[in-house]
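Here is a short briefing to read with the model open beside you. We will start with strand pairing, then move to the core and to one residue of interest.

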Amino acid sequence: MEIKYTDQQIAELINERKVLPDDWRTQLDKNKSLYIIGERGNRFRIITNLNKKYPSDFSVILAVINPKKGADFRIRRYNGMHKWPHINKIEKQKIRDYHIHFATERYQERGYDEEAYAEKTDRYNNLKGALHCLIQDANFELPAQLELKLF
């Protein structure tokens with residue numbers, strides 16, 4: 001299968017500086033999606049999903065918009081506890097807890113979704129906490145006037 005991004009390119013996308021707009025929280029609450037341009041010109045998208053019936057079932061996704069294909073490439077996905085366990089197909093490992101998905105070159109090479117590999121985490125237990133982890137992990141910067149109020 002075609003490799004869309006190498007591990008090195010994925011790391012560069014994660015490390016690219018991304019400044020959140022002043023109204024980022026309002027936009028995300030309203031639209032469940034937020035577009036941001038990184039300092040190197042890459043276009044990123046944050047997507048949130050929450051199962052209202054089961055609040056521990058959620059996802060916070062960071063994607064980059066592939067300029068050649070116009071499609072989202074999911075770099076990271078911070079998941080809650082879903083009904084079914086996640087299975088790392090290459091490692092044959094089941095995860096039943098909160099977990100973080102990582103885009104990898106080796107999963108792409110084998111024809112799996114780019115972010116099919118995941119690791120268990122205890123860093124969050126709700127959607128807001130997962131969003132906070134994404135902001136920390138992916139080199140996002142909060143607007144200066146909001147930084148102290150939100151986290």
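Two strands count as paired if DSSP finds at least two bridges between them. Keep in mind that this model is predicted. With that, strand 8 and strand 9 (residues 117-120) pair in the antiparallel sense, over 4 bridges.

**Around strand 8**
- Strand 8 also pairs with strand 5 in the antiparallel sense, again over 4 bridges.
- Towards strand 9, His101 stands opposite Ala118.
- In a regular strand, side chains alternate between the two faces of the sheet.
- Both faces of strand 8 are covered: His99 and His101 are buried on one side, and Ile100 and Phe102 are buried on the other.

**The largest nonpolar core**
- This core has 35 residues, and those touching the most other members are Leu20, Ile46, Leu62, Ile75, Leu134 and Phe140.
- Elements that each supply at least two of its residues include helix 1 (7-15), helix 2 (24-31), strand 5 (72-79) and strand 8 (99-102).
- Helix 4 gives the most, with 6 residues.
- Leaving out residues up to four places away in sequence, Leu134 touches Ile46, Val60, Leu62, Tyr78 and Phe140.

**A look at Thr48**
- Thr48 sits in strand 3 (residues 43-50).
- Thr48 counts as buried because its relative accessibility is 6%, and the cut-off for buried is under 20%.
- Beyond its neighbours within four places in sequence, Thr48 is in contact with Leu28, Lys32, Ser59, Val60 and Leu127.
- Pro67 is 19 residues from Thr48 in sequence, and their C-alpha atoms are 22 Å apart.

Definitions and conventions:
Residues numbered from 1 in each chain as written. Predicted model: local features only at pLDDT ≥ 70, side-chain atom pairs only at ≥ 80, totals over all residues. Heavy atoms only, no water. Buried < 20%, exposed > 50% of the residue type's maximum accessible area, 1.4 Å probe, protein only. Contact = heavy atoms within 4.5 Å. Core = buried A, V, L, I, M, F, W, Y, C linked by side-chain atoms within 4.5 Å.
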